[in-house]
Amino acid sequence: MPRPGFVLEVDGSTPPLLFHSGEGFRLEKLPAGRSRVVYPAEPLAPLDDVDGAIRAALLAPLGDSAPLPDLLHPGMKLTIAFDDVSLPLPKMRRPDIRSRVIEAVLDLAAAAGVDDVHLIAALALHRRMTEDELRHAVGDRVYDAFAPSGALYNHDAEDPDQLAYLGTTDQGEEVEISKRAAESDLLVYVNINIVAMDGGHKSTATGLSSYRSLRHHHNVATLEHSRSFMDRHRSELHHSNWRMGDVLKAAGVKVFQIETTLNNDTFGLEALRGGGPLGMLQKREWEWTARDRAAFVAMQAGLGRLSPKNRRRTFQSWEAPYGVTSVQAGEVDAVHERTLEHVHAQHLVPVEGQTDVLTMGLPYICPYNVHSIMNPILVMCLGLGYFFNLYRGRPLVREGGVLIMTHPTPWEFHPVHHPSYIDFFEQVLADTTDPTEIEARYEKQFAEDEWYRHLYRTSHAYHGVHPFYMWYWGAHALRHLGQVTIVGGDPRAVRRLGFRPATSMADALEMASDVVGREPTITHFHNPPILMADVT
Amino acid sequence: MVASRVVPGRGASVGPLRLADVDPPEPPGDGWVRLRPRLAGICGSDLATIDGRSSRYFEPIVSFPFTPGHEVVGDLDDGGRAVLVPVLACAARGVEPPCRQCATGAINRCERVAFGHLEPGLQTGFCADTGGGWSTSLVAHESQLVAVPDGLSDEAAVMVEPTACAVHAAGVVGAVDTVAVLGAGTLGLLTIAALRAGTGAGVGTVVATAKHPVQRRWAVELGADRVVAPGELARAVRAATGSWRLGAQLTGGFDVVVDCVGSAESIAQGLSVVAPGGTVVLVGMPGHTALDLTPLWHRETSVRGCYAYDRADFEAALDLVAAADLGRLVSATYPLDRYPEAVEHAAAAGQRDAVKIAFDLRGERRR
Amino acid sequence: MKRPSAGSVTGRVGFPYRAPTVPAGVKVPTESEALGAHYDTRWARSFGARWARTVLLEGAVRPLVRLVADPDRRGYDRLAALDGPVIFAANHHSHVDAGLLLSSLPEPWRYKVFTGAAADYFFSNRVTATLSALALGAIPIERSEVTRRSADEAAALIDDGWSMVIFPEGGRSPDGWGQRFRGGAAYLSIRCGVPVVPVHIEGTGQILPKGTKKLRPGRTRVTFGRPLRPADGESSRRFAARLEQEVAALADEVAGDWYTARRRAHAGTSPPLTGPDAGAWRRTWALSQRRGRPRPAASPPRWPKL
């Protein structure tokens, strides 16, 4: 029986705590008596028969949707959209759940005699997926069946001929999505809902849309009013997407939504039972066995010997043995509400009251550096965007409080994946770190740069405007926090971000006392595996 | 007289420069007067000479032993102060009639710099007959003197000569939309100031490269729209011009690149970020370099030199120095007997938070 | 020196070093009961034999298979939800199949598996019987008829947690096309309540077809299908037919693309394993048309190595 997440009060005999720190780890002591640690729940029991569950979900959908076989008929246009390489994190051990769902859908389509099928990686303004990544996501059989004829491809948000403008919401937000998806008789969207933010109407309205449409919710005002964007009912980002969902419905886009949830088995449950190299990362420190400790020490020593390049490669090659905890299919809202229950069951941890100082260890990966480099902008986005927003109710840290993160934050960028990030870092952040000012002064120039557009469409680059979204993602946290410190980061890069570098946790806590006074309360956010704080 | 003298035949390791008591130079003819330096700057070309990095090209147009120092403000016997126009052109050399270039006023292009009644020497400070600024006394031809107004400090006045170079460069650049200035040492910073002073008749965007924080600060202060690290220039130019990339080469680029560094790397970088049909202006003294000229050929770009100034540039520079208060760029002064420290400081100016280093000769013994 | 001829050597070695000659008019009783379908293979599942088999499989069979058959193995993902004993039922072209399939089985099945082998072929004498039992973990199966004895033995092993590899065609293909599936695998699946994994093997027919002795190294593909379970009340004959169709669909998938294969499988129009119902030359002709799609090359990284 997996144990739920919980809050530990740190006392004198609490062992040092694990902090992720890029391609490495730190063990840090927090002061006793005023510190606490929020631990994630252990992995929920996975479904035994995933294929059976998929089939059952397709045959008995939720909400007012007919079973999938009834929606399929010969001569129809069927489009299957699926989440891109940004999900799940880290990537899932084969077979990826997307491939299993897509095969089940296609098998029904084959039975119904559907000929015209397109599969689209719904990557919005993310980088195009490579063949290997697509094969991993949809499986070799599906790839080989559809890619050679051009029926399996990456969404292109900059191809004017392949976008359909469907009108505006009651608040004037323009809705523009993939023409193929809009003109299909049925759009099946296959989600992996790794966190509560994913899925719902956001899948289609964001994943298959264009800059023209995205800018209405990917902006500073919206994201500052998404408290948090992980809490769909209190997220302006989601409200906007839901309004767009209504426009899609009104325009006759028929969406059959499939959402899947995974458990927290990020580093290997079998490792918990005594094998595997990374199991200690999802154990509580006082439960580390001699073997875990030996493995950790050996890993630290080994990592220290690797070049940064090899260290990165080693980490990026990790494939998580997630178990699938649920599969929902049918009408978007009904599906998504059920999905949220499953996500919350795994992630939510009740926490009482806010804290003065929030600490978190940033791991080696975020949604935008799969097979890539976690550059400083992504460090900001992971910490102040994703982790900060993993709350329901109120932020874990009080307004004006201090956030301390551990990450090496190297001044390094992937030249192919993140070209506009380099310019953003060199030009925009050198000038200002204020999201509103950045948005007003620079966004248009980057969004419309022909060169970025070219790289996005033909190479594997994130769209020119993408680094701005990373910054907006952290806008709410930037406004909320009194100080941000990165322990162990490259001082130049950290300062460029507008944060303060510290060499040790002790220094960082000392620096925090300037902002929150002496003897502040401290909370450590022990993530990943993912947890979401339910703060009362 | 005390003077730092460059003596040939010494190894570059110990340096050909030494401090010595020598006889003051005698005026070589009519129209020559004595100038007693008050401040004398250390220029990049001086450092190259001291380090033995200068091109062999200079051999016929300098004469040894010489006293360096061509950025000079000094006292005249009549009690006034003057800055030196160090170019030793036809007028100073007693060449009559003047060469074609001097006849038009382009004294920097004088065709007789090794002839006439003086020893060879393109400028005061490289000529055996005239003495130089790093001393207590030199001789100058009347045509070489520009009076310093009373309100102008010595520090400002010593900046006039390098500023004249920058003014000249700005004139070469002309009125264009986009200019990149490579290097933010004295010359780079002054070029930025000159481009912004309107002497360049309205330049649109100026992007500069700078290695050191002090250079960044000054570059922004003097009017650069954006200051970047040298490695960031290509991206900055690309973003500013919306151009595309082909390997290291931008498809578009800036109209003019002013190279105030003069190294092989900076010239190559200039060629990679200059627009097709544009010009790379070499203001910093280049040396012997290997360059791939294919992009120059294919993109019809030009590389052109830009040396010194004429009298008009000097007049304009005097105004600019006063208007922009460029005396602030003099970061430190040294007495002559601490010349090794001075030279070292000048060679590492950016790292050590400095721009212009000068010798202060106002307190030297007069003998 | 004159070398002794073989005859002279054997001539010199007499009884009891040679089998006795039989006097005329004496009736010799038929071969020992302990061969053929009656061969007792229990010893081959002892600890020592299993260990030896593992060594043989990993140390000899796998490298040999890689050298000779260069297999491309697909479809493991379809086995993700499976555990416990299963029956792997594959089409059969060549003697290479058994080694290829055994070395292709994923864990945990690889080391606890036995093979159903033709009693009349593999267990015809003591040497081949011992070798088959040891190397393939084979048990004798009567192919002329389903006998109680072999079925009981196989069922007992499956109930005991062993998985089975069986070639339901009952023999190697005579001409490159498949033969109808017999009911053994289906029967055992129904009887023991374990799933059957259809497996398609392609390419071994070119390496060592029936009737040849010379190995011609080539490339092969092993494709695992989705596990099948008998429907309620399904007869073993019908289940066997379904199994055959599923392997035919796998063959179609290998030859073309997965989706088209599924379309045809659902429509019941998968090209049959047994080939066209036509004259010999046309069957051979049609066989040459069935060439699998080329293997995808490993895609090189498209950005600078960082």
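Between domain 2 of chain A and domain 3 of chain A, the count is one residue pair in polar contact (both at pLDDT 80 or more), a polar contact being a pair of N or O atoms within 3.5 Å in which, within protein, one must be able to donate a hydrogen and the other to accept it, with residues adjacent in sequence counted only if both atoms are side-chain atoms. By class, the side of domain 2 of chain A that touches domain 3 of chain A has two nonpolar, one polar and three charged residues. Here Ala, Val, Leu, Ile, Met, Phe, Trp, Tyr, Cys and Pro count as nonpolar, Asp, Glu, Lys and Arg as charged, and the others, Gly among them, as polar.

The model is predicted: local features need pLDDT of at least 70 and side-chain atom pairs count only at pLDDT 80 or more, whereas totals for chains, interfaces and linings use all residues. Residues are numbered from 1 along each chain as its sequence is written, chains are lettered from A and ligands numbered from 1 in the order in which they are written, and side-chain values use heavy atoms, with hydrogens and water left out.

**Domains of chain A**

Chain A is divided into domain 1 (1-39 + 352-536), domain 2 (59-262) and domain 3 (267-319), with bounds from an automatic or database domain assignment. The centres of domain 2 and domain 3 of chain A, taken over C-alpha atoms, are separated by 35 Å. Six residues from domain 2 of chain A and four residues from domain 3 of chain A take part in the contact, defined as heavy atoms within 4.5 Å. Pro90(A), Lys91(A) and Arg93(A) supply 91% of the area that domain 2 of chain A buries against domain 3 of chain A, more than any other three residues. Buried area is the accessible area (1.4 Å probe) that two parts lose on being put together, summed over both.

**Chain C against chain A**

In this interface, 22 residues of chain C are in contact with 34 residues of chain A. The rule finds seven residue pairs in polar contact across the interface of chain C and chain A (both at pLDDT 80 or more). Helix H10 (residues 258-267) of chain C gives the most to the side of chain C that touches chain A, with five residues; helices are DSSP runs (H or I, at least four residues), numbered from the N terminus. That side of chain C divides into eight nonpolar, three polar and 11 charged residues.

**Buried areas and salt bridges**

A salt bridge is a side-chain nitrogen of Lys or Arg within 4 Å of a carboxyl oxygen of Asp or Glu.

| Parts | Buried area | Carbon and sulfur share | Salt bridges |
|---|---|---|---|
| Chain C and chain A | about 2,500 Å² | 56% | six salt bridges |
| Domain 2 of chain A and domain 3 of chain A | about 460 Å² | 46% | one salt bridge |

Arg74(C) forms a salt bridge with Asp144(A), with the closest N and O atoms 3.6 Å apart. Lys91(A) and Glu319(A) also meet through their side chains in a salt bridge (3.9 Å, N to O).

Methods. Helix = DSSP H or I, 4+ residues; strand = E, 2+ residues; numbered from the N terminus.
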